[in-house]
Amino acid sequence: MLQPLAIVFYERLMPGSQLVNRLQDLNYRVLALNNAARLVATVQRESPLLLFVDLATPGEVCSTIAKLKTAPDTLHLPIIGFAPENLPNLLTEAQAAGANVTVSETAVINHLDQLIDQALHLD
């Protein structure tokens, strides 16, 4: 059986590596990426089932989310953004950019199953 692919974009070791491990525990193939300049091209090439984005990564992360959500070949991709609890403005910005789900970094680890279900839910 083919394992679904999830891409995790992060530069901070925690919670990025924790998320990678949790996804692998859930039988996902995981591609960890830490280069914002390569994110769009990698997503287009690999066609993951899910994309997780650490919103606290320096740079224009939300503009990258917006780019993915406006490109015809990636607009369907569920994006889950996460940020530290003390940076709620990043969650708001990611929602405005088109992220499907935005949560604290604690919640992304502790409620991963439910978040995946929510992100994959089709109306």
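**View 1. The two sides of helix 3.** K67 and T70 are exposed on one side of helix 3. The model shown is predicted. Helix 3 spans residues 61–70, and its buried residues are V61, C62, T64, I65, L68 and K69.

**View 2. The buried face of helix 4.** L90, L91, A94 and A97 are buried in helix 4. Down the helix axis they fall within an arc of 125 degrees, so they line one face. Their cover includes helix 3, strand 4 and strand 5 (101–104). T92 and A96 are exposed on the other side of helix 4. G98 follows helix 4 and has a positive phi, near 120 degrees.

View 3. Five strands pair in parallel, in the order 2-1-3-4-5. Strand 2 (29–33) and strand 5 are the edge strands, each pairing on one side only. From one strand to the next, the twist averages 20 degrees.

**View 4. Strand 3 beside strand 4.** These two strands run parallel and are joined by four bridges. D54 has F82 of strand 4 as its bridge partner.

**View 5. Helices 1 and 2 across the sheet strands.** Helix 1 (residues 13–25) lies across strands 1, 2, 3 and 4. Helix 2 lies across strands 1, 2 and 3. Helix 1 runs at about 175 degrees to strand 1. Helix 2 also runs at about 175 degrees to strand 1.

Note on methods: Residues are numbered from 1 along each chain as its sequence is written. This is a predicted model: local features need pLDDT of at least 70, side-chain atom pairs count only at pLDDT 80 or more; totals for chains, interfaces and linings use all residues. Side-chain values use heavy atoms; hydrogens and water are left out. Buried means under 20% relative accessible area, exposed over 50%, partly exposed in between (1.4 Å probe, protein chains only). The arc is that of the directions from the helix axis to the C-beta atoms. Contact means heavy atoms within 4.5 Å. Two strands pair if DSSP finds at least two bridges between them. Axes are lines fitted to C-alpha atoms, for helices over the stretch in contact, and angles run from 0 to 180 degrees between N-to-C directions.
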